[in-house]
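Biologist: Could we go through this model together? I would like to begin with one of the aromatic residues.

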Amino acid sequence: MKIIDLTHPITPTMPVYPGTEQPGLVPACTIEKDGFRETKLTMYSHTGTHMDSPAHLFKQGKTLDAFTPEYFYGPAMILDVSAKTGEIGVADLVSYQEVLARVNFLLLYTGWHNFWGDEKYFAGFPVLSPEAARWLTKFPLKAVGVDAISIDQVTPNGTLPIHQILLANDILIVENLTNLNRLAGKKFIFCCLPLNIYQADGAPVRAIAIINE
């Protein structure tokens, strides 16, 4: 068995969604002063590699703590869209429908993890078209993940059509994944356990791929 970490570390200088504050990691206690080390963390619930719940956009939507732990684990497939420009349409997905019927997670490899820490990270990545997002809702998907800042393009008006479609169908969203290139051609289990936060609209996750070799 091989485990591949798909999670960016949380640091004070990491990329965050435009308009969001950087996370704070402040020494609260030190070994020298207190005899132990402890850090005060301050960050938005959608910081770093994280998961969005339906409550992120819908007033009556489920929060992450309403899902059982089994919902965050299962067979997954990788779709390489790194050569794609513009939208990912139904035509780009239809040949994978037999696989999509057997997996719980679809991970979109855009290659944008290569721009982590660069201004390029925030724009230009391929995204699902609304038609493609709606088409995916007929499959037994628990979540769709992407190695970019968002599953939607970052726009000044903040519209989130792909978020709206997926989350309305209880298909969760995982953003800011990394190392998806290492999963090409592999069969794997995806595990993305969020912090168990009360009524969480979103939460950081430790995402991993488990490959049986």
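Biologist: Is Phe115 buried, partly exposed or exposed?
Modeller: Phe115 is partly exposed, because its relative accessibility is 25%. Buried means under 20% relative accessible area, exposed over 50%, and partly exposed in between, with a 1.4 Å probe and protein chains only. Please note that this is a predicted model: local features need pLDDT of at least 70, side-chain atom pairs count only at pLDDT 80 or more, and totals for chains, interfaces and linings use all residues. Residues are numbered from 1 along each chain as its sequence is written, and side-chain values use heavy atoms, with hydrogens and water left out.

Biologist: How many aromatic pairs are there in the whole structure?
Modeller: A search of the whole structure gives seven aromatic pairs. Rings of Phe, Tyr and Trp (its six-membered ring) pair if their centres lie within 6.5 Å; planes under 30 degrees apart count as stacked, over 60 as edge-to-face and the rest as tilted.

Biologist: What kind of pair do Trp112 and Phe115 form?
Modeller: Their ring centres are 5.2 Å apart and the planes stand at 80°, so the pair of Trp112 and Phe115 is edge-to-face. Trp112 is buried, with a relative accessible area of 15%. Ring pairs also link Trp112 and Phe115 with Phe125 in a cluster.

Biologist: And which residue lies over the ring of Phe67?
Modeller: The charged end of Lys62 sits over that ring, 5.1 Å from the centre. The criterion is NZ of Lys or CZ of Arg within 6 Å of the ring centre and within 35 degrees of the ring normal. Phe67 is itself buried, at 7% relative accessible area.

Biologist: Let us change topic. Where is Asn114?
Modeller: Asn114 lies in the loop between strand S7 (105-109) and strand S8 (127-128). Strands (E, at least two residues) are DSSP runs, numbered from the N terminus. Asn114 counts as exposed, because its relative accessibility is 54%.

Biologist: What joins the side chains of Asn114 and His113?
Modeller: A polar contact of 3.3 Å joins them. Such a contact is a pair of N or O atoms within 3.5 Å; within protein, one must be able to donate a hydrogen and the other to accept it, and residues adjacent in sequence count only if both atoms are side-chain atoms.

Biologist: One last point: where is Leu41, and is it buried or exposed?
Modeller: Leu41 is in strand S3 (residues 38-42). Leu41 is exposed, with a relative accessible area of 55%.

Notes:
Helices (H or I, at least four residues) and strands (E, at least two) are DSSP runs, numbered from the N terminus.
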